[in-house]
Amino acid sequence: MTASRKPIVGGNWKMNTNTESGTALARAVADVFPDIAGADHAVEAFVCPPFPFLAQVGEVLQAAGGGIALAAQDIYHEPSGAFTGEVSAAMLKDVGCTAVLLGHSERRHVIGESDELINKKTHAALEAGLTAVLCIGETLDQREAGKTDAVNKHQLTKGLEGVSTDQMADVVIAYEPVWAIGTGKTASAEDAQAAHAAIREVLANLYDQKTADATRIQYGGSCKPSNAAELFAQPDIDGGLIGGAALKAGDFLDILRAAAASGA
Ligand code: PEP
């Protein structure tokens, strides 16, 4: 983390929690967050509850002062109409979301989303004024074949196609090696830093150095209190996208503390 980029940490609750446990988790985190962020707002945070709990979790976050942003796990790119099961950008804004995940590895590899669809969703999010958290990352086979940087470059180039330099101010990249998500295996700090530096270089080539230097790149993949500080200390790692550890208030708060300390 460099001092010029504020660390950002997101909690991706995936298909977990219910009304009671989701609101309790949000309250436990939101009540303590202001002390961690401090007067200088040393870290930004968002949580991504499942769609049915967005409104109620949003109310809890607002009641605690609104320091933690409400985000969704996905979006559909069409504004309205006959798209059964889907949720539009306007609907997310209506319930108070300010950010959304795009192209999470589970959407790519379990649900089968293509780069083209993810790009459409990225545009829909940005046009609606949502922060777009574009998730990228290689599978184990791709890593073992030495294709990590090529996969990241491909997913970035396709995912950001048509996104302007100005719009990049509302884009966060989440580098999440697929083999590290939910497996307990974490990329070493050195491997993660190398991937992040290569991602920043791709951004510099797609846009310019200033844009690349300003874009936050989160690490995701079995990030937990015991490894967060080392990961966030790397110069190109600007916080994290957290799955399993975001479901335990104490662990998520410890990760937020590590992120706040990394920007100091
Ligand atoms: C994620 O879902 O984005 C993630 C990183 O999950 P986990 O922390 O559980 O690996």
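The structure is a predicted model, in which local features need pLDDT of at least 70, side-chain atom pairs count only at pLDDT 80 or more, and totals for chains, interfaces and linings use all residues. Residues are numbered from 1 along each chain as its sequence is written, and side-chain values use heavy atoms, with hydrogens and water left out.

**Around the ligand**

The ligand is surrounded by 14 residues, and the closest are Lys14, Glu176, Gly182, Ser222 and Gly243. Gly182 has a polar backbone atom 2.6 Å from an oxygen atom of the ligand. His104 brings in its side chain: one of its polar atoms lies 2.9 Å from a ligand oxygen atom.

**Strands side by side**

Now turn to strand S3, which covers residues 68-72. Helices (H or I, at least four residues) and strands (E, at least two) are DSSP runs, numbered from the N terminus. Strand S3 is mostly covered, with four of its five residues buried; buried means under 20% relative accessible area, exposed over 50%, and partly exposed in between, using a 1.4 Å probe and protein chains only.

S3 pairs with two strands, where pairing requires that DSSP finds at least two bridges between them. Strand S2 (residues 44-48) runs parallel to S3 and is joined to it by three bridges; Ala45 has Ile68 in S3 as its bridge partner. Strand S4 (residues 99-102) also runs parallel to S3, with two bridges between them, and here Ala72 is partnered by Val100 in S4.

**A helix under cover**

Helix H11 (residues 249-262) has 14 residues and reaches 20 Å from its first C-alpha to its last, close to the 20 Å expected at 1.5 Å a residue. That expected span is 1.5 Å times one less than the number of residues. The buried residues of H11 include Phe252, Leu253, Ile255 and Leu256. Among the elements that cover its buried residues are strand S1 (8-12), helix H1 (19-37) and S2; contact means heavy atoms within 4.5 Å.

Glu113 sits in the loop between helix H4 (105-111) and helix H5 (115-127), and it counts as buried because its relative accessibility is 9%. Beyond its neighbours within four places in sequence, Glu113 is in contact with residues including Asp74, Gly103 and Ile118.

Asp115 lies in helix H5 and counts as buried because its relative accessibility is 16%. Not counting residues up to four places away in sequence, Asp115 touches Arg108, His154, Gln155 and Lys158.

Both residues make polar contacts through their side chains, as the table shows. A polar contact is a pair of N or O atoms within 3.5 Å; within protein, one must be able to donate a hydrogen and the other to accept it, and residues adjacent in sequence count only if both atoms are side-chain atoms.

| Side chain | Partner side chain | Distance |
|---|---|---|
| Glu113 | Arg107 | 2.9 Å |
| Glu113 | Lys121 | 2.7 Å |
| Asp115 | Arg108 | 3.0 Å |

Conventions:
Near = heavy atom within 4 Å.
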